[in-house]
Amino acid sequence: MGNYSRQMRLSSALMKSLRSRWGAVAAGNAGGARSFTTTEGHRPTIVHKRSLDILHDPWFNKGTAFSMTERDRLDLRGLLPPNVMSPEQQIERFMADLKRLELSARDGPSDPYNLAKWRILNRLHDRNETMYYKVLIDNIEEYAPIVYTPTVGLVCQKYSGLFRRPRGMYFSAADRGEMMSMVYNWPADQVDMIVVTDGSRILGLGDLGVQGIGIAIGKLDLYVAAAGINPQRVLPVMIDVGTNNEELLKDPLYLGLQEHRLDGDEYVAVIDEFMEAVFTRWPHVIVQFEDFQSKWAFKLLQRYRNEYRMFNDDVQGTAGVALAGLLGAVRAQGRPMIDFPKMKIVVAGAGSAGIGVLNAARKTMARMLGDTEVAFESARSQFWVVDANGLITEARENIDPEARPFARKVRETERQGLAEGAKLAEVVRQVKPDVLLGLSACGGLFSKEVLEALRGSTSTRPAIFPMSNPTKNAECNPEEAFSIVGDNIIFASGSPFNNVDLGNGHVGHCNQANNMFLFPGIGLGTLLSGSKIVSDGMLQAAAECLAAYMTEEEVLHGIIYPSISRIRDITKEVAAAVIEEAIEEDLAEGYREMDARELQKLNKDEIRTFVANNMWNPEYAKLVYKKD
């Protein structure tokens with residue numbers, strides 16, 4: 001596809017989506033509704049167990065909701081109280097218990113309430129998965145911060161003490177040469193989604209070793225809740241190659257390998273063996289890499305992305321969410337979208353997430369400018385990158401290769417009154433940026449001095465994005481941002497914050513720039529399209545869809561990301577956009593009964609229906625016993 005058509009596809013597709021998110025039904029499909037595959041979750045489930053084995057299996061257990069017919073069929077009569085309860089009654093009982101038990105579930109007065117909630121929800125997860133996901137979906141705003149960021153960070157830190165029941169798989173350096181056989185220990189014949197981590201950089205908390213499995217479990221909870229991936233077809237994975245965390249190496253209760261991390265070719269060989277093993281058993285699985293240290297995040301992404309269905313959420317998911325926010329900030333400032341390449345952006349943090357955002361934003365700017373080498377170079381000049389050593393310029397020695405393209409030219413910085421290593425406040429003061437974006441994992445980095453410097457921004461509505469997780473690593477909080485910079489700012493953070501009361505009936509909206517708005521849709525769209533890879537175009541389509549999701553009125557009020565309560569709907573929209581792009585790039589190979597040819601015939605509304613019909617819902621399945 002030529003440069004001009006790529007440029008037009010970017011601008012026209014996004015603007016069309018802004019005019020009408022739902023679009024019009026394509027011509028040529030007036031002959032009636034197209035037939036789709038059976039709605040996900042409504043198929044009868046074949047089980048090879050009965051009696052207590054069913055009650056002890058969270059995949060199939062319904063507890064007191066088993067009907068009398070099922071109790072007879074599955075040898076359960078007499079093993080449960082006689083009163084058959086509806087799912088609604090079960091949830092009512094659980095929620096009442098949860099509210100009552102929150103206090104007693106705390107492990108002493110220093111144990112946070114959110115961790116107590118996690119413990120209770122985890123116990124439900126251990127005994128009845130369907131009910132667990134029903135509770136999570138119906139209360140997603142309240143419980144997403146419990147199963148995911150910020151509470152999941154605390155869970156990972158304490159995981160060795162919290163561990164009660166195995167969940168997921170553990171591959172370690174001690175398993176070299178055995179992984180191909182190990183994957184067959186997992187009971188599911190079909191796995192659609194794997195989230196894998198090596199525990200080396202969990203959120204902004206550093207090396208947590210094997211305890212990082214908590215982040216993979218939390219991410220997959222959101223794949224189920226937001227994207228409707230069947231929970232029996234997800235697999236959290238920890239690759240334990242050791243840890244460099246000295247406290248864990250000395251902790252007698254630590255559950256992982258107590259040896260220093262593998263590095264170099266030995267490390268790569270372990271990851272290679274894992275990837276070959278899982279794709280041999282499950283050729284159509286999608287693997288999301290999560291919280292790998294920057295040293296390996298880019299290298300592994302480039303190593304595997306053109307061979308396997310995989311992506312790195314820290315690099316690509318964070319980039320997409322940030323890009324959607326940047327485009328939203330342009331809209332909120334009342335500027336035309338074509339002005340995005342004119343935005344001045346200061347980025348604090350040059351790790352895998354920060355560089356991922358820079359690359360995505362630069363590519364988008366370049367496309368809008370014509371997708372030429374000149375446009376790509378011109379886009380580079382819109383970014384100022386500050387790391388722990390200050391402003392990155394070409395005068396710096398030993399620049400990280402991934403950050404090198406964004407190093408400022410010495411003459412440019414001299415004209416602006418800046419120099420190599422300039423502090424963040426000085427950079428903000430001289431550049432007067434439209435956007436200040438933080439991915440530094442350094443809590444409080446946007447100090448009073450930095451925020452006061454941003455008051456000099458040339459933008460009518462400067463945007464402040466402290467995106468580091470968990471909450472304690474946020475570069476600033478909303479109260480600081482609104483009180484120091486002004487009421488008219490656009491604010492978005494990685495972790496959730498409450499809106500700010502600005503007085504006189506005005507509200508400072510605290511948007512959550514959370515990856516959960518994108519990664520479930522990217523995974524679901526890739527799965528249903530049948531694409532063998534996750535292309536840059538598919539990721540771009542996801543980001544554009546998120547950017548266009550909010551109405552003009554919402555954006556002008558400073559709301560640039562949706563509420564988490566709308567997560568199922570936004571995920572459906574993102575998945576549909578990813579499928580459309582896969583079809584456009586001729587990557588789609590279809591899913592189940594919907595082959596590539598049939599998929600290409602679908603219009604926009606039919607693609608949405610196809611997505612919705614393949615999203616699992618937490619409803620008890622009919623269980624049919626079949627002897628092995």
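Predicted model: local features only at pLDDT ≥ 70, side-chain atom pairs only at ≥ 80, totals over all residues.

Trainee: Why is the pair D192 and R233 called a salt bridge?
Mentor: The term asks for a side-chain nitrogen of Lys or Arg within 4 Å of a carboxyl oxygen of Asp or Glu. D192 and R233 meet at 2.7 Å, N to O, so the pair qualifies under that limit. The structure holds 41 salt bridges.

Trainee: What makes D192 buried or exposed?
Mentor: Buried means under 20% relative accessible area, exposed over 50%, and partly exposed in between (1.4 Å probe, protein chains only). D192 has 5%, so the residue counts as buried.

Trainee: What joins R380 to E377?
Mentor: A salt bridge of 2.9 Å, N to O. Both residues lie in helix α17 (residues 373-380), three residues apart, about one turn of the helix. A helix here is a DSSP run of H or I with at least four residues, a strand is a run of E with at least two, and both are numbered from the N terminus. R380 is buried at 5%, whereas E377 is partly exposed at 36%. Salt bridges that share partners join R362, E377, R380, R408 and E412 into one network.

Trainee: How do you know that β13 and β14 pair?
Mentor: Two strands pair if DSSP finds at least two bridges between them. Three bridges join β13 (residues 500-503) to β14 (residues 506-508), so they pass that test, and they run antiparallel. V500 stands opposite G508 in β14. The two strands form a hairpin with two residues between them, and N504 in the turn has a positive phi of about 55°.

Trainee: What makes β9 and β15 edge strands?
Mentor: Seven strands form an open sheet in the order β9-β8-β7-β10-β11-β12-β15, with mixed pairing. β9 (390-391) and β15 (510-512) each pair on one side only. Within this sheet, β7 (residues 345-348) and β8 (residues 383-387) pair in the parallel sense over four bridges, and the bridge partner of A348 in β8 is V386.

Trainee: Which residues touch the most other members of the largest nonpolar core?
Mentor: A nonpolar core is a set of buried Ala, Val, Leu, Ile, Met, Phe, Trp, Tyr and Cys residues joined through side-chain atoms within 4.5 Å. The largest has 172 residues, and those touching the most other members are I194, F274, M275, V287, F289, F340 and L437. Apart from it lies another core, of 28 residues, among them W384, L391, V450 and C476.

Trainee: What does M275 touch?
Mentor: Contact means heavy atoms within 4.5 Å. Not counting residues up to four places away in sequence, M275 touches V287, F289, Y304, Y308 and M310.

Key
Residues numbered from 1 in each chain as written. Heavy atoms only, no water.
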